[in-house]
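Hi,

Here is the structure I said I would pass on. Have a look at it first, and my notes follow below.

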Amino acid sequence: MKIKIINKSTHLLPHYETSASAGMDLRANITTPITLKPLERAIVKTGLFIELPVGYEAQVRPRSGLAAKKGITVLNSPGTIDADYRGEIGVILVNLSNEDFTIENDERVAQLVIAKHERAEWVEVEELSETDRGSGGFGSTGVK
């Protein structure tokens, strides 16, 4: 699939690191470093603008290394970029650690996954079909 992209950053286009990678790294495109204090959040710009085909979304997800090693994650994970959005891709990062974290220009801050999606049409009914689980909520399947 081909997706139109405008790159106003100073970095290469996002790309897959391996032949089996699902996501492409997004890099910070900032003129001055951003320091996140514990529990602080910021929108980090990427300098990228995309045009997705209708029926697709781009999902902004955390990078596992940043989350595990530094406590930095994407706040609205996954963040969805809709096919009709034409603005700059921004990443909402939050610092869940107990230490300050500084984001530098060109730092890999998130990953982008392109995914196909369906559009649902509601059918209003008076009752739903029965299942073994029924209306059991969180933890009701007995899996431990």
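This is a predicted model: local features need pLDDT of at least 70, side-chain atom pairs count only at pLDDT 80 or more; totals for chains, interfaces and linings use all residues.

Four strands form an open sheet in the order E2-E11-E6-E8, and the pairing is antiparallel. Strand E2 (24-27) and strand E8 (79-81) are at the edges with a single partner strand each, so one side of each has no neighbour in the sheet. From one strand to the next, the twist averages 35 degrees.

E11, residues 108-116, pairs with E2 over four bridges, in the antiparallel sense. If you want to trace that pairing on screen, methionine 24 has leucine 112 of E11 as its bridge partner, and arginine 27 stands opposite arginine 108, also in E11. E11 pairs with E6 as well, again antiparallel, over six bridges. There, glutamine 111 in E11 is the bridge partner of arginine 61.

On to the inside. The largest nonpolar core has 24 residues, and Leu26, Val60, Val91, Leu93 and Ile103 are those with the most contacts inside it. Several strands give two or more residues to this core, among them strand E4 (41-45), strand E5 (48-51), strand E6 (56-61) and strand E9 (90-95). Strand E7 (72-74), strand E10 (101-103) and E11 are also on that list. The largest share, three residues, comes from E11.

What does valine 91 touch, leaving aside residues up to four places away in sequence? The contacts of valine 91 are Leu26, Ala42, Ile43, Val44, Thr46, Val60, Val74, Val109 and Ala110.

Last, the rings. The count of aromatic pairs comes to zero. There is a charge over a ring, though: the charged end of lysine 8 sits over phenylalanine 49, 5.0 Å from the centre of its ring.

Notes:
Residues are numbered from 1 along each chain as its sequence is written. Side-chain values use heavy atoms; hydrogens and water are left out. Two strands pair if DSSP finds at least two bridges between them. Axes are lines fitted to C-alpha atoms, for helices over the stretch in contact, and angles run from 0 to 180 degrees between N-to-C directions. A nonpolar core is a set of buried Ala, Val, Leu, Ile, Met, Phe, Trp, Tyr and Cys residues joined through side-chain atoms within 4.5 Å. Buried means under 20% relative accessible area, exposed over 50%, partly exposed in between (1.4 Å probe, protein chains only). Contact means heavy atoms within 4.5 Å. Rings of Phe, Tyr and Trp (its six-membered ring) pair if their centres lie within 6.5 Å; planes under 30 degrees apart count as stacked, over 60 as edge-to-face and the rest as tilted. A charge sits over a ring if NZ of Lys or CZ of Arg is within 6 Å of the ring centre and within 35 degrees of the ring normal.
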